[in-house]
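Welcome, and take a moment to look over the sequence and the model side by side.

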Amino acid sequence: MKIIAPSVLASDFSNLTQQIRYVEMGGADWIHCDIMDGKFVPNITFGPIVVEAINGITNLPLDIHLMIEEPDRYIENFIKAGADIITVHQEEVKHLHRTVSMIKDLGAKAGVSINPATPVSMLSEIVEYADMILIMSVNPGFGGQSFIENSLSKISELKSLREKKKLDFKIQVDGGIDKTNIQKISERGCDAFVAGSSIFHSDNITGATIELKNLVTSLEV
């Protein structure tokens, strides 16, 4: 099943409950939360308190992407706040196997992300332990950026690695996904699509969610 994960980073936080209701009505599968600390990336967003509030709004799984330094210090707090999936960055975590194991031991699914300049080969020793691999298709830190086209080859390479090792981790892509490119991203092997501006900045949030969902599910028929 293809998964649409709207990123609340692009939502109207003054009316967050209604914004989440709109994507729920559109068939969203997960709610994606971008956590930024102003150090690992040049922006600051929110922390466990807001994640806990979102968890009180929706029953959808919460997909938490930690773009922060020293994520190990905060993982337990995010899981207590309601995180179902915690993704950390390969570029930041010193002992990646230990961190992935900790996330799973605390009861959440574990994801590992790589930035646009990081090759897929850097994941070869962790993929068998991860539940999800996130390919950043923009440089992390801000919403509304354009999709980096060579991300497509990275998705294909990761899919081939998954098949070679006979694994079943999900492939997620985040950055610049919209109705013009979601199908080609899906065809390369993406399972979970993070979409922010293309959903929450549209005139019809529910309709935009439905459209993206229909574009990827039509390829499964």
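The buried residues of helix H5 are covered by, among others, strand E5 (109-114), strand E6 (132-136), strand E7 (170-174) and helix H6 (182-188). Here helices (H or I, at least four residues) and strands (E, at least two) are DSSP runs, numbered from the N terminus. Buried means under 20% relative accessible area, exposed means over 50%, and partly exposed lies in between (1.4 Å probe, protein chains only). Cover is judged by contact, that is, heavy atoms within 4.5 Å.

Before going further, a word on what you are viewing: this is a predicted model, in which local features need pLDDT of at least 70 and side-chain atom pairs count only at pLDDT 80 or more, while totals for chains, interfaces and linings use all residues. Residues are numbered from 1 along each chain as its sequence is written, and side-chain values use heavy atoms, with hydrogens and water left out.

Back to H5, which runs over residues 151-165. This helix has 15 residues and reaches 21 Å from its first C-alpha to its last, close to the 21 Å expected at 1.5 Å a residue; the expected span is 1.5 Å times one less than the number of residues. Which residues of H5 are buried? They are Ser151, Leu152, Lys154, Ile155, Leu158, Leu161 and Arg162. An α-helix has 3.6 residues a turn, so residues three or four places apart point the same way.

Just after H5 comes Lys166, with a positive phi of about 55°. Lys166 sits in the loop between H5 and E7 and is exposed, at a relative accessible area of 77%. Glu70 belongs to the loop between strand E3 (62-67) and helix H3 (75-81), and its relative accessibility of 46% makes it partly exposed.

Ser7 lies in the loop between strand E1 (3-6) and helix H1 (16-25) and is buried, at 5% relative accessibility. Leaving aside residues up to four places away in sequence, Ser7 touches His32, Asp34, Val194, Ala195, Gly196 and Phe200. Gly196, in turn, is in the loop between strand E8 (192-195) and helix H7 (197-200), and with a relative accessible area of 16% it is buried. The C-alpha atoms of Gly196 and Ala5 are separated by 8.6 Å, although the two residues are 191 apart along the chain.

Strand E2 (residues 31-36) holds Ile31, a buried residue with a relative accessible area of 0%. Not counting residues up to four places away in sequence, the residues that Ile31 touches include Pro6, Val8, Ile20, Val23 and Ile54.

Finally, step back to the whole chain. Its secondary structure comes to 8 helices and 8 strands. The radius of gyration is 16 Å, close to the 17 Å that the globule rule gives for 221 residues, so the chain is as compact as a globular protein of that length. That radius is taken over C-alpha atoms, and the rule is 2.2 Å times the number of residues to the power 0.38. Along its principal axes, the C-alpha trace spans about 45 × 40 × 30 Å. Buried residues make up 52% of the 221 residues. Among contacts between residues at least 6 apart in sequence, 65% join residues at least 24 apart.
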